[in-house]
Each structure stands twice: as structure tokens, then as C-alpha cells.
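My entries follow in the order I made them.

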Amino acid sequence: MAKLTISQLENHLLRAADILRGKMDASEFKEYIFGMLFIKRLSDNFVQKRKSLAVEYAKNPHLTPAQIEELLEEKTSYGNTFFVPREARWECEDNGDGFTGILNLKTEVASKLKRALMAIEQENIKQLDGVLRNIDFAKKVKSKQIITNDRLVQLINHFNKYRLTNDNFVFPDLLGAAYEYMIKNFADSAGKKGGEFYTPSPVVELMVRLIKPQDGMEIYDPTVGSGGMLIHSKQYVEEQGGDSENLALFGQDDAATVWSICKMNMIMHDVQDANIEHGDTLMEPHWSATGGGATRQFSRVIANPPFSQNYTKNDQMRLQNRFCYGWAPQTGKKADLMFVQHMIASTKPDGMMITVMPHGVLFRGGEEKKIRKGILTDKQDIVQAIISLPPDLFYGTSIPTCLLIINKNKPEQLKGKVLIINADAEYGEGKNQNYLRPEDSEKIVYVFDHCEEVPGYSRIVPIDEIVDEKGNDCNLNIRRYVDNTPPQEPHDVRAHIAGGVPKSEIAVLNGKLWKYSIAESDIFVDTNEHYATFVEGCNNKEKIKSFVQAHPGVLAANAKMREAFDIYWYTAVTAVAQVREEIKISDFKRAYTGLLAEKLEPLGILDKFQTVGVFANWWDHSYTVRETTEIETSGGKETKVTVKEVIRIKNVFKTISAEGFVAALVSDEKIAMEHFADELAELKQLEEGAETAASDLQAYVNAVEMDTDTDDEEVDEGEEVEAKEPTVKQVEDYLKAQKAAATAAAEKAACDASLKEITKLKKEKSALNRELKKKSDALQKKIDAIRADLTAAQCEAMVMQLLYEAFVTELEKYLKAEVDKTVKAVCHLWDKYFVSANELLAQRASAEQELNTFLKRLGYINE
């Protein structure tokens with residue numbers, strides 16, 4: 001049986017979420033999905049271990065079947081495998097009480113699932129104390145159970161589809177990767193509430209890369225959420241070739257549900273020794289140093305604390321000596337610097353700390369200013385960097401944010417100084433929130449690691465300059481030190497009035513033109529010493545765009561980039577083939593990120609950060625493996641659901657490393673193109689025919705004039721009413737009613753003719769759709785047959801093609817974006833100067849004269 005792929009498992013979990021979606025929002029139902037996943041995972045692992053124990057016990061001739069059964073119910077036999085008691089097992093034999101496992105539950109399902117979770121927790125109390133008890137499948141609102149019995153049965157049946165043991169996965173950490181994917185999915189769906197348990201991965205990855213955890217260290221997150229920062233720290237150590245098993249993880253969170261999700265996240269990643277505690281970090285920090293008089297210290301401290309909260313100072317607050325720099329106001333939602341002080345106190349004398357903070361902590365006055373000054377002037381000189389982040393990166397908040405980096409062993413070149421980076425202008429724009437692009441993160445890390453000053457981006461600032469009472473007076477407003485405000489847009493008044501493009505502004509374009517060997521004279525023609533105008537072939541924006549895109553210099557430059565990339569890929573292919581046996585994924589990624597920059601950067605089209613972005617976007621690129629249609633049953637109704645399996649390149653590499661080049665990595669499309677080109681062409685024709693038939697049918701029904709009553713609809717004066725296309729059924733019903741009401745034979749005959757034409761068009765559409773489905777199903781069977789017989793060599797060849805095509809796709813995006821920048825810059829000058837004020841005045845005068853002539857003819861004005 002083929003092993004489970006990441007795309008299959010991700011789709012499986014999404015479909016599970018769809019079963020509950022609609023009854024509650026993602027912030028509520030996530031715990032039920034994770035709870036069910038947890039039961040199934042633990043039960044499957046338990047069954048696997050039980051079978052292996054049974055085989056071993058059976059070899060002992062002195063043990064009777066009854067004794068073996070007794071030993072199999074002894075939880076100490078299971079070692080590191082979680083013991084699952086009988087009432088929580090997915091399937092089991094009936095011992096007389098009628099219970100045959102979770103899978104066969106039909107009545108009182110919610111209460112039995114809750115009992116199952118509690119039983120698992122009790123049998124594994126050391127690892128799971130308090131983790132599962134808050135997941136209540138029987139939760140009610142107004143005395144009505146939120147999730148019905150039928151839906152829970154459907155959910156259980158859905159989870160029965162796959163066996164969730166590591167030996168059934170194409171790579172070992174597949175379940176952990178899918179769990180992280182679902183956490184992000186739930187955060188996306190939950191909106192503002194998503195920020196309570198999830199920090200976007202690009203931000204987490206950036207933070208981890210800045211503090212660089214290493215094996216042998218202890219990593220601590222005092223506001224741990226779902227545990228993403230600890231998991232990413234572990235993965236970073238692995239990627240650097242370190243031993244992630246030799247890494248101690250610690251975390252604490254005040255929200256019980258979030259804490260439970262974090263504990264399960266660790267277990268899903270097979271991190272069973274993580275120290276994750278529940279409680280208020282400011283009031284009751286869980287860890288203290290030997291003797292209990294101070295907080296325990298860690299090698300690396302990393303967090304994204306809740307923004308702008310209140311806190312309470314009272315006798316119950318433990319370890320108050322953490323707050324040696326002062327006490328922030330308890331009201332006004334200003335607990336931010338209290339978290340910072342806790343983190344500093346929790347950092348070892350040679351350790352590092354990084355945290356997300358709202359910008360307010362950088363400049364607010366009062367007690368917060370005193371705390372800020374205390375941190376800046378700490379005798380150990382601990383503030384290494386402050387990095388302003390782009391806007392709207394986080395769920396549910398638009399508050400400007402920054403990263404504060406504390407290093408109790410700062411590099412020599414930063415002694416008495418602070419590196420300030422203003423990265424708030426470089427980011428990607430998303431639909432609901434912005435995001436850090438790979439090149440943005442790469443630039444931040446490079447400047448941080450090299451302590452580099454970049455005009456308008458970074459500056460090394462003496463601490464004396466920051467704390468000077470006559471100057472900045474501890475105000476760390478980023479733009480005081482690194483102002484990245486764009487220069488004021490120049491406007492040539494003479495050009496605006498008389499026309500022409502100032503040559504001084506054309507000169508500013510040269511960087512964007514020269515990189516493509518585009519001469520100024522290709523686009524502009526001189527009118528005098530100081531001004532030029534657009535050549536005939538570039539006298540509107542569409543022409544400018546077409547001209548630049550088709551310019552020989554652009555085509556040649558991009559051709560050189562593609563040629564250099566192909567040389568790079570020729571080398572990379574050999575390394576990809578060696579990933580399973582000889583090369584670690586982390587080594588490949590590191591080496592071939594650098595090699596891509598070496599090959600492409602010297603050509604002058606992309607900078608070193610963009611070339612890293614090409615690789616990183618390829619690494620995260622997804623391609624579709626297959627699309628299938630499944631039938632789902634709910635409440636006696638059957639629904640067709642299209643399931644698309646996609647896989648990211650990074651997971652392709654994990655699969656290659658664990659299993660080699662397997663058929664599960666090959667897309668249906670690739671097999672079809674390789675073996676069934678004629679069938680694909682025929683299908684395309686059928687699809688076009690079916691689309692045409694559907695359009696013809698809709699066009700015909702649209703042409704039927706229907707009397708519609710819109711008198712009752714309220715429409716604002718001047719508002720345009722959007723015409724809605726009628727459905728085929730609506731038109732048929734209308735024609736039938738018209739025929740029934742008609743008295744004249746001609747009217748009845750006209751209705752009959754229209755109905756017959758609609759019936760004919762419907763039959764044509766249905767026939768084409770049936771033929772399309774028949775051919776599609778036949779092709780799918782052929783594809784499946786080919787897939788089943790693919791050799792390792794054939795799989796490797798096709799997977800290499802898919803990897804190459806994905807890489808080229810990402811490279812082309814960057815090449816297009818660079819050309820677009822040049823087009824945009826030239827078009828901006830066209831917008832500013834192509835039409836002068838004199839021309840506008842002349843146009844207005846001409847229009848005014850034409851109007852006056854017309855009014856004179858009508859006698860409204862005298863000659």
C-alpha cells in the first residue's frame with residue numbers, strides 16, 4: 001500500500017474541518033479537530049506497539065495466552081509509546097459491554113469521546129496532565145449540543161480513512177508538518193483571534209535566524225502559543241546540521257486551550273520531552289533558579305507576547321526581582337515592557353533574547369521611559385538591535401511592530417552602540433495581511449549578521465546619542481535614526497506648463513534602463529538642452545509597456561539569466577539525486593542557495609537578496625499532484641467534493657530523503673503529457689465544446705424577454721441596477737406559464753418553439769458533459785495504470801522535470817517584476833509630463849469655443 005503523502009494528509013484534515021465548519025468559527029472548532037486527530041494518532045501508535053509486543057511475547061514458550069493478554073494491558077510495557085486504555089481505542093474486541101471501539105460509536109458519541117480523552121490523560125498523567133480535559137465534544141449552547149451526534153459519527157468515519165503511524169508516512173515528521181499547516185489554516189479563518197495562538201511563519205523564521213539557536217541550548221518562550229517558535233528553533237538546529245535531540249524546549253501560556261494545542265503540537269512532532277506549562281508568566285513564572293530566589297535562565301529566549309495588556313502587581317506576583325528596571329503602569333494596557341524585563345531576567349549571561357513589541361515601547365514616556373533608559377544603560381550593555389517591521393504582518397492588529405534583540409554578549413563592534421534597522425517599507429502585500437518575502441528576511445539577517453550600515457535602511461547608533469537628555473532623551477522612534485521616507489517627488493513647473501520631460505528626471509531612470517541596455521534615445525527625443533519628449537513609438541502607456549517588454553536589451557538580459565540558471569540547474573540535478581544517500585537536505589539548501597546567487601547576481605538584473613528569494617520561493621512552491629472527486633455523505637445527502645492534492649517542494653525533498661523518487665511525487669498532468677498527449681488534446685476540445693454549449697444555452701435564455709416586476713425593489717435615484725442572468729429553470733417556468741395563459745395559437749406556438757430550443761440546447765450540453773466525463777474517467781484509469789508501473793528511474797525523471805518547471809516559474813516572476821519596475825518608472829514620467837498645462841488650456845479653449853458656437857445657433861447667447 002502506498003504511503004501517505006503530506007498533500008493527502010493536509011486535504012484529509014481540511015475535509016475534517018469542513019464537516020464542522022458552519023456550526024462554529026475556526027477559533028472554536030479547532031480543538032475538536034486536534035482532539036480527534038490526537039485520539040487517532042495515539043490509538044494507531046498504540047496498536048502498532050501492541051502488535052510488536054504480542055509477537056515478542058509469543059516467542060516465550062512459558063507465557064500462556066492469558067498471561068500475554070495481561071502483559072499487553074500493562075502500560076509499563078509500552079515505554080515511550082502513550083498507553084491508550086480500552087475505552088479510548090479506535091477499535092477493540094467486545095468484552096461483554098458492547099463497546100468495540102471509537103470507530104463503532106453510534107449513540108452518546110460526544111460524552112464517550114470526552115470520557116476517552118479523559119481516560120488517555122489519566123493513563124498518561126505525567127505527560128498529559130490537564131491537556132485533554134478542556135476538549136468538550138458535548139459542549140452546549142442554550143441547552144443544545146453544538147456538534148450533533150450524526151456529525152461526530154461522520155467525523156469519526158472520516159478520520160478512519162488513514163492509519164497515522166510514522167511507517168505509513170512518506171517522511172517521519174509528516175504529521176507534525178500537517179498539524180502546523182492546520183494551525184495556520186485555523187488562524188487564517190479565525191481572523192483577530194488567530195493572533196492569540198499563531199505568529200506567521202515568516203516572522204518566526206526570521207526571529208529564529210537572528211538568534212541562531214544551537215544544539216545543547218535551552219530555548220524558552222514565555223508566551224508560547226501553539227509552540228511554533230520552539231518547533232522552528234528545533235528545525236533550525238536540524239537544518240544547520242546540529243542535533244535537535246540535544247535541545248531543551250521550555251514554554252508557558254496562560255490560555256488553557258492554546259496551552260493544550262501547544263502540548264499536542266509537540267507530541268505530533270514527536271517532541272515528548274518539551275517542558276510546556278500552563279500559567280500567567282508575569283504573575284506565576286513556572287521556572288526559578290536553584291534556591292527559588294530568581295527566575296531560571298535560558299540560552300535563548302524568544303516570544304511574541306500579547307500586545308497592550310494590563311497586569312496586576314500584588315503580593316501573589318512571584319519573583320518580583322525580575323523587574324529591576326522599574327514598573328510599568330498597571331492600567332492603560334502597558335504590560336509590554338514587563339514581558340521584556342521578564343525575558344531579560346530569563347536570559348543567561350551569555351545568552352540572547354528576541355521579542356516582538358509594539359512601537360509604543362520605543363517612545364512612550366513616564367515609567368516606561370525610565371524602564372527603557374534602564375535597559376539601554378544596563379552596565380552589561382545588552383541591547384544589540386531594534387528592527388522596525390512592515391505594517392499589518394500579524395493577525396487582527398494593525399499596530400506598528402518591531403523586534404527587540406537583547407544580547408548579553410554583544411559583538412565587539414556594537415559595544416556601546418545599537419544597530420537600528422528600518423525594514424518597514426519592504427514587504428509583500430497580501431489579501432488580508434502583509435507578509436515578509438524571502439528577500440526581505442534575507443536582507444534583515446544579512447545586515448544584522450554583518451552589522452552593516454545601509455543608507456535609509458540601517459544605522460549603528462551610539463547609546464549616548466539615544467539617552468542624551470538634551471537630544472533624543474531615550475526616544476527610540478525608529479525614524480529619528482533611520483529615516484526611509486521616500487525623497488520628495490520633483491516637479492518641474494516649466495515642464496508642467498510648457499511641456500517636455502526634464503532631462504534631470506530622465507537621468508534618474510538610468511539605473512533601470514542601463515541594466516537592460518536601453519538607451520535614453522530609445523524612448524526620448526531631445527527638444528532642447530534641458531528637456532525631451534517621448535518618441536512616436538512611446539507616446540502612450542500601452543506603447544511604453546510593449547516597447548520595453550519587447551526591447552532587445554530586455555530579451556537579451558533575461559535570456560542570459562535563463563542560460564545561467566540552466567547551467568546552475570545542471571549542477572543541482574546531480575545533488576538532488578544524491579539527497580537520499582549522500583547529501584542532507586539542509587546541506588543542499590544552504591549550498592545551492594549560495595550557488596544560485598553566485599550564478600545570477602553578477603548579471604546585474606537581480607540583487608543577492610532577490611536571488612535568495614527565488615530559491616526560497618521555489619522551496620515553498622506547490623504543484624498539484626492530482627485532483628479527485630469524492631462523494632461525502634451527511635444527513636442522508638450525498639455531495640460531490642473536488643479534492644486537490646498539492647505538495648510543496650520542501651516536502652518533495654523530505655520524501656526523496658526518506659523514500660526516494662516515488663510515484664506519489666509525480667503529478668497526473670505530467671504522466672498525461674508524457675503518455676497521453678492525444679487524449680489530452682481530445683479532452684481540451686470536449687471542454688471547449690461543453691463550455692460553448694453552456695454559453696449558447698445561457699445566451700438563448702438571456703434573449704427570452706421576460707416581464708419582471710421590479711416595482712417593489714427600492715433603488716436609490718441614479719443607482720444602476722445590475723441585471724441578473726436568469727436561470728434555465730426560471731425561463732422554462734416562465735415560458736410554461738406564458739403558454740398556459742396564452743389565448744392565441746401563435747403565442748402558444750412561440751412558447752413551444754422556445755421551450756423546444758431550450759430542450760435541444762440542454763441535451764447538447766448534457767451529451768457533451770457526459771462524453772467529457774466518460775473520456776476523463778477513461779484517461780484517469782490509464783494514468784493510474786501508468787503510475788502503478790512507474791520505475792524509480794521514470795519517477796526521478798518526471799520529478800526532476802517538475803522541480804525544474806517550478807524553479808523556472810519562480811525565476812520568471814522575479815524577471816517580470818524587474819521589467820515591470822522599469823515600465824512603471826517610465827510611465828510615471830509620462831503621467832507627469834506628457835500633457836502640459838498649455839495643452840490642457842488649449843483643449844479647454846477649443847471646447848469652450850465649440851460650446852459657444854452651438855449656443856449661438858440655438859439663440860441662447862448673442863453674436
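Buried here means under 20% relative accessible area, with exposed over 50% and partly exposed in between (1.4 Å probe, protein chains only). Helices (H or I, at least four residues) and strands (E, at least two) are DSSP runs, numbered from the N terminus.

I noted that this is a predicted model, where local features need pLDDT of at least 70, side-chain atom pairs count only at pLDDT 80 or more, and totals for chains, interfaces and linings use all residues. Residues are numbered from 1 along each chain as its sequence is written, and side-chain values use heavy atoms, with hydrogens and water left out.

Next I looked up the partners of S9. Two strands pair if DSSP finds at least two bridges between them. Strand S7 (residues 347-358) runs antiparallel to S9, joined by 7 bridges. Ile354 stands opposite Ile405 in S9. Strand S8 (residues 383-388) also pairs with S9 in the antiparallel sense, over 5 bridges. Ala385 has Ile405 in S9 as its bridge partner.

**Strands S3 and S4**

I checked a parallel pair. Strand S3 (residues 218-221) pairs with S4 in the parallel sense over 4 bridges. Asp221 has Gly251 in S4 as its bridge partner. Strand S4 (residues 248-253) is mostly covered, with 5 of its 6 residues buried.

**A sheet of 3 strands**

I traced an open sheet in the order S12-S14-S13, with antiparallel pairing. Strand S12 (501-502) and strand S13 (524-526) stand at the edges with a single partner strand each, so one side of each has no neighbour in the sheet. S13 pairs with strand S14 (residues 531-534) in the antiparallel sense over 3 bridges. Phe524 stands opposite Phe534 in S14.

**Cores**

Not counting residues up to four places away in sequence, Phe534 touches Val501, Ile523, Phe524, Val525, Ile544, Val826, Leu829, Trp830 and Phe834. Contact means heavy atoms within 4.5 Å.

Which residues have the most contacts inside the largest nonpolar core? I found Leu210, Phe524, Phe534, Trp618 and Leu803, in a core of 197 residues. Helix H29 (residues 792-833) gives the most to this core, with 19 residues. A second, separate core has 44 residues, including Val301, Met343, Ile344 and Ile478. A nonpolar core is a set of buried Ala, Val, Leu, Ile, Met, Phe, Trp, Tyr and Cys residues joined through side-chain atoms within 4.5 Å.

**Glu810**

I then looked up Glu810, which is found in helix H29. Is Glu810 buried or exposed? Glu810 counts as buried, because its relative accessibility is 6%. Beyond its neighbours within four places in sequence, Glu810 is in contact with Val614, Asn617, Trp618 and His621.

**Helices H1 and H6**

My last entry is a helix pair. Helix H1 (residues 6-20) and helix H6 (residues 149-159) pack at an angle of about 175°, with their axes 10 Å apart. H1 and H6 are therefore roughly antiparallel, a term for angles over 145 degrees. Axes are lines fitted to C-alpha atoms, for helices over the stretch in contact, and angles run from 0 to 180 degrees between N-to-C directions. His12, Leu13, Arg15, Ala16, Ile19 and Leu20 in H1 meet Arg151, Gln154, Leu155, His158 and Phe159 in H6.

How values were computed: Parallel < 35°, antiparallel > 145°, perpendicular 65-115°, else oblique.
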